[in-house]
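Open the model in your viewer and keep the sequence panel beside it.

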Amino acid sequence: MSMFASLAIYKVAKDAAGIAGNILAFGLFVSPIPTFRRIIRNGSTEMFSGLPYIYSLMNCLICLWYGTPLISHDNILVTTVNSIGAVFQFVYIILFMMCAEKEKKMKMLAWLMVVLGVFAIILIGSLQIDDVIMRRFFVGVLSCASLISMFASPLFIIKLVIQTKSVEFMPFHISLCTFLMSTSFLVYGLLSDDIFIYVPNGIGTILGTTQLILYFHFESKSRIDAEEPLIVSYA
């Protein structure tokens with residue numbers, strides 16, 4: 001096989017992994033829609049928290065910036081997925097604020113300003129670094145840390161599933177999408193030889209696998225328990 005053919009296959013495989021990751025991430029981005037249907041219908045945020053959308057927006061903005069040509073080379077699919085994600089999170093935040101009571105609304109607005117301020121500092125600060133390698137390292141470390149913190153958030157759910165022995169609070173489609181998306185970007189990162197992509201997504205793949213194992217274990221256990229006949233006493 002010629003060198004040209006090998007490079008072509010490598011490029012196609014890398015792009016395919018990136019596109020798959022974009023599609024699967026979209027499934028995660030739309031997952032809060034049922035929650036917001038309920039919020040809008042009731043005109044109240046009830047006991048829901050808006051902070052997960054704030055954290056997700058911060059993560060998307062940092063990773064979006066990392067994927068641009070000003071920071072890293074040939075990572076446009078990282079930019080596209082995080083651009084879409086940032087738009088979704090921003091819309092969710094606006095909808096949340098519209099339906100929240102005044103105190104919660106002001107807190108959300110303050111957090112949104114903090115996120116935009118921090119991102120502006122990262123953006124302007126990174127552009128002050130003339131060394132392209134150091135600039136990529138600086139933003140890459142931040143994006144890696146942000147992604148790891150996002151992937152670590154399901155640890156609470158994993159703990160809850162183990163304690164309650166129930167998968168009620170761990171929807172299967174979200175766990176599956178997390179696993180497949182992380183795996184897609186793990187492959188993308190490996191083919192790109194980009195440590196700031198494959199390390200956090202490798203961790204995401206491990207956590208996604210753990211969630212799926214727990215889901216099938218406790219879901220099948222619950223089904224078996226439900227199928228066991230009741231013991232009737234005639235005494």
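Select Cys63 and show its side chain. Its closest cysteine sulfur is in Cys60, 7.1 Å away, which is too far for a bond. A disulfide here means a pair of cysteine sulfur atoms within 2.5 Å. Cys63 is also buried, at 4% relative accessible area. Buried stands for under 20% relative accessible area, exposed for over 50%, and partly exposed for the range in between (1.4 Å probe, protein chains only).

Now select Cys60. Its nearest cysteine sulfur belongs to Cys63, and the 7.1 Å gap is too far for a bond. Cys60 is buried too, with a relative accessible area of 4%. Searching the whole structure gives 0 disulfides.

A note on the source: this is a predicted model, where local features need pLDDT of at least 70, side-chain atom pairs count only at pLDDT 80 or more, and totals for chains, interfaces and linings use all residues. Residues are numbered from 1 along each chain as its sequence is written, and side-chain values use heavy atoms, leaving out hydrogens and water.

Switch to cartoon. The protein chain has 9 helices and 0 strands. These are DSSP runs: helices are H or I, at least four residues, and strands are E, at least two. From the N terminus, the order reads α-α-α-α-α-α-α-α-α.

Next, colour by burial. Of the 235 residues in the protein chain, 39% are buried.

Then display contacts (heavy atoms within 4.5 Å). Among those with a separation of 6 or more, 76% join residues 24 or more positions apart.
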